[in-house]
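Subject: The structure, and what turned up in it

Hi,

Here is the structure I promised to pass on. Please open it alongside this email, and my notes follow below.

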Amino acid sequence: MERHEIEVFLALAEELHFGQAGRRLGVTTTRVSQVVRVLERRVGVLLFDRTSRRVTLTPTGRQLYQDLKPAYDRVLGAVARAVAHGRGLTGTLRAGYVGAAAGQLVMNAAIRFRRGHPDCAVEAREVQSGGAVERLHADQIDVLVGCLPLDEPGLTVGPVLLTERRMLAVPAGHPFARAAALSVKDLARVRLVTAPCSLPTIAPARSADGDAPTAETFQEVLTLVGAGRGAFVVGEHVTRFYARPDVAYVPLRDAPPLCWGPVWPTGRETARVRAFVAAMDLRHDDPATVLVAGS
């Protein structure tokens with residue numbers, strides 16, 4: 001049997017209507033009839049009983065459908081998997097993310113990615129800011145989602161996925177905690193905690209009170225802020241993911257927005273990476289699931 005004969009037979013067996021089978025295949029009703037007649041002559045028996053009112057499978061036609069359909073589906077599946085493998089859309093995509101905001105971007109994208117590419121798994125890994133770039137270069141992850149810009153040599157920066165306001169995390173009892181908003185100039189009046197996850201500097205911090213406290217993780221940063229040891233510049237999403245009774249978040253009205261997006265090693269942009277970055281387009285997200293973000 002030729003491929004077009006198989007396709008016509010299966011379509012008519014499922015539609016049981018010559019016109020509908022033709023529309024499904026993009027051919028005329030006459031063409032469907034011609035192919036079925038040729039096929040029946042080759043087999044030597046009728047495959048369909050047809051009248052002016054209805055079309056039904058004969059016992060031979062029903063048996064041929066039951067034998068042919070699974071085999072044809074396996075052939076199509078094998079071809080599709082071969083094409084996907086050739087395009088690099090099989091295997092595992094390792095996506096790293098820094099913090100809760102990036103984690104939400106990655107997990108939402110993973111759901112969409114898997115719908116379009118079921119033969120490719122997504123392995124999401126939270127990484128600490130201090131070692132994130134190193135893990136990219138060491139080929140431990142394929143793509144990293146975090147704060148931009150990441151001006152590191154050997155990295156390609158993808159599109160900005162979202163922007164949000166910067167805020168200052170201060171102790172709940174600090175005078176700044178009662179302000180509706182602060183200026184970047186106000187940062188010179190506080191001591192900033194330093195950490196690998198610190199955002200790019202937008203103003204000098206106060207240094208008169210001695211060395212700035214240091215932290216290794218963001219949770220440690222918030223613990224130090226809550227204990228009155230300093231302040232820390234954050235993105236607006238922390239008000240949703242990291243609410244604490246001992247920390248207040250105050251908007252920085254004149255600070256540049258914080259941007260989030262993907263990066264990957266230059267020269268290692270695979271089809272998997274391109275497809276995953278496309279899946280992170282926030283226009284596909286339910287607004288209720290997207291983190292709070294400013295402009």
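Asp139 counts as partly exposed, because its relative accessibility is 38%. Please keep in mind here and throughout that this is a predicted model. You will find Asp139 in the loop between α6 (129-137) and β5. As background, most residues other than glycine have a negative phi.

Leu16 is another case, with a positive phi of about 50° although it is not a glycine either. Leu16 sits in the loop between α1 and α2. With a relative accessible area of 34%, Leu16 is partly exposed.

Helix α1 covers residues 3-15 and helix α2 residues 18-25; their axes come within 8 Å and cross at roughly 130°. Angles from 65 to 115 degrees would count as roughly perpendicular and those over 145 as roughly antiparallel, and α1 and α2 are therefore oblique to each other. The crossing of α1 past α2 is right-handed. On the α1 side, the contact is made by Glu7, Val8, Ala11, Leu12, Glu14 and Glu15, while α2 brings Phe18, Gln20, Ala21, Arg24 and Leu25. Sorted by class, this α1 and α2 contact has 6 nonpolar residues, 1 polar and 4 charged.

Helix α5 (residues 99-116) packs on helix α9 (residues 271-279) at an angle of about 110°, and their axes are 8 Å apart. These two, α5 and α9, are therefore roughly perpendicular to each other. Here too there is a right-handed crossing, as α5 passes α9. From α5 the contact involves Val106, Ala109, Ala110, Arg112 and Phe113, and from α9 it involves Arg272, Ala275, Phe276 and Ala279. By class, the contact of α5 with α9 has 7 nonpolar residues, 2 charged ones and no polar ones.

Which residues of α9 are buried? They are Ala271, Val273, Ala275, Phe276, Val277 and Ala279. The cover over the buried residues of α9 includes α5 together with the strands β3 (91-97), β4 (120-126), β5 (143-148) and β11 (258-265).

Now to the aromatic rings. The structure holds 4 aromatic pairs. In one of them, Phe218 with Tyr242, the ring centres are 4.9 Å apart and the planes stand at 75°, so the pair is edge-to-face. This pair links distant parts of the chain, 24 residues apart: Phe218 belongs to helix α7 (residues 218-226), and Tyr242 to the loop between α8 (238-241) and β10 (247-251). Both Phe218 and Tyr242 are buried. Ring pairs also bring in Phe232, which forms a cluster with Phe218 and Tyr242.

Finally, the overall picture. The protein chain has 9 helices and 11 strands. It is 295 residues in length, and 42% of them count as buried. Among contacts in the chain with a separation of 6 or more, 69% are between residues 24 or more positions apart.

Best wishes

Methods
Residues are numbered from 1 along each chain as its sequence is written. This is a predicted model: local features need pLDDT of at least 70, side-chain atom pairs count only at pLDDT 80 or more; totals for chains, interfaces and linings use all residues. Side-chain values use heavy atoms; hydrogens and water are left out. Axes are lines fitted to C-alpha atoms, for helices over the stretch in contact, and angles run from 0 to 180 degrees between N-to-C directions. Helices (H or I, at least four residues) and strands (E, at least two) are DSSP runs, numbered from the N terminus. Angles under 35 degrees count as roughly parallel, over 145 as roughly antiparallel, 65 to 115 as roughly perpendicular and the rest as oblique. A crossing is left-handed if the near helix is turned anticlockwise from the far one by less than a right angle, and right-handed if clockwise. Contact means heavy atoms within 4.5 Å. Ala, Val, Leu, Ile, Met, Phe, Trp, Tyr, Cys and Pro count as nonpolar, Asp, Glu, Lys and Arg as charged, and the others, Gly among them, as polar. Rings of Phe, Tyr and Trp (its six-membered ring) pair if their centres lie within 6.5 Å; planes under 30 degrees apart count as stacked, over 60 as edge-to-face and the rest as tilted. Buried means under 20% relative accessible area, exposed over 50%, partly exposed in between (1.4 Å probe, protein chains only).
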